[in-house]
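Please walk through the pocket lining and the aromatic contacts of the protein shown here.

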Amino acid sequence: MSAVALQHVASMYAGVAAPPLIIGGAVGLNPAQLTTLLAAALFIAGIATLLQTLGVWRIGSRLPFVNGVSFATVSPVLAVVAAKKGAALPLIFGSTLVAGLCCFLAAPLFCRLVRFFPPVVSGTVITLIGVSLLPVAGNWAQGGNAQARSYGSPSDLGLAAFTLLAVLLFNRFLRGFAQRIAILFGLLAGTLAAIPFGKVDLHALSALPVFALPHPFAFGAPRFEVSSIVSMLVVMVVAMTESTADMIALGEVVERPADDRTIAAGLRADGLATAFGAVFNGFICSAFAQNIGLVALTRIRSRFVVALGGGFLIVMGLLPVVGGLVSLVPQPVLGGAGVVLFGSVAVAGLRTLGKADLSAGPNALIVAVGLAFGIFPIAYPGFYHAFPQQLATVLGSGISAGCLAAVTLNLLFNHLGWGRRGVAAVSASVVSASVVSASVASASAAGE
């Protein structure tokens, strides 16, 4: 039982650790502060998993359901960090607290709104999550600090390439459970390779206590701002959509179909864990789909096994040394692993889009415009610089902008009943124009 529980922890550990590492690096936290974020992520993941598996009153799906920090939170948080610099974390935790409470209250209603988030919308959003995170991997691969003299040096890029190669080789030659944690093996190999280059500071571990209780609002009292709250609410909706889809899938795996009551209880657990997590320096929580695959693979469907895994996560969160070990991983090593990790998120989105009928004009347009709105702020970070600051913060996140565009267009084309006629023709015209434009661009590039 303990071995299977540890498998669940190992399968989701990299996913839990990555968001705090990304956000902490963007804010410029020192190793001790970064360890605080990592410990909070593990501790809150354990609390959320226990809520989901064991349940309290009408809170928790009571399925073998693993929860943790959602990747969807990273892109909007980075947008807030870019706008607010050093004052970002109190603002993020305040916005996360509001989003968690709204999720808890809206859970019964959201069950009835799932139809407004079909694969054409959720697939677009998940794809944008991966795409928006890939530049982060590129920055890590160069060292993470653009002001450093060694930024983009051959040694940093070489470490990133070595880590990427190690992850690919482990995926190719390992089997079973070992293959599922190939990214962890790759991070370990990359970190060991970085030691001779002096990029691993082992002295940071000596200053960390063996045991420490989470400290509420360790980075300052929460602050509240409309634009940041809107961004976190959009992320919360995305997380709720992911959790709903995962509960439905897991219900089929364990042969206990997830009805509206189960989904509402699961979403309440997400909301409560998110609000509680914001108090203890955590971020938005949602389901971990890879653990659903592990349940199907092992055929061990007991929710109590997964609950034990949640207990392990809590213990790990109370041991700062565990977080300190993860914080030793150099950023170029994270960059190499991030190519696979973040790219896999984008692939998951494309897989979801495969469930949508993109041959239909409206769906093709929804994806096209949603991706465009999401990629604009990724490719051109200052795209909305002339907009009011609060609106620019919301639209400056590719995931927020893309989600809003996809949801709005899906409502217009697929639910309000107008604009359906002739859309296929419009779509064909758009595609034709795109082909012509691409041909002109290619000819122009060739001429240059």
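How many nonpolar, polar and charged residues does the lining of the second largest pocket have? The lining has 16 nonpolar, 15 polar and one charged residues, where Ala, Val, Leu, Ile, Met, Phe, Trp, Tyr, Cys and Pro count as nonpolar, Asp, Glu, Lys and Arg as charged, and the others, Gly among them, as polar. The model is predicted: local features need pLDDT of at least 70, side-chain atom pairs count only at pLDDT 80 or more, and totals for chains, interfaces and linings use all residues. Residues are numbered from 1 along each chain as its sequence is written, and side-chain values use heavy atoms, with hydrogens and water left out.

The largest share of this lining, six residues, comes from H3 (helices are DSSP runs of H or I with at least four residues, strands are E runs of at least two, numbered from the N terminus).

The structure also holds nine aromatic pairs (rings of Phe, Tyr and Trp, the last by its six-membered ring, with centres within 6.5 Å; planes under 30 degrees apart are stacked, over 60 edge-to-face, the rest tilted). Phe-93 and Phe-283 form a tilted pair, because their ring centres are 5.5 Å apart and their planes stand at 35°. Phe-93 lies in helix H4 and Phe-283 in the loop between helix H10 and strand E2, so the pair ties together parts 190 residues apart in sequence. Both Phe-93 and Phe-283 are buried (under 20% relative accessible area; exposed is over 50%, partly exposed in between, with a 1.4 Å probe and protein chains only).

Phe-383 and Tyr-384 pair edge-to-face, at 4.9 Å centre to centre and 80° between the planes. Phe-383 is partly exposed at 39%, whereas Tyr-384 is buried at 9%.
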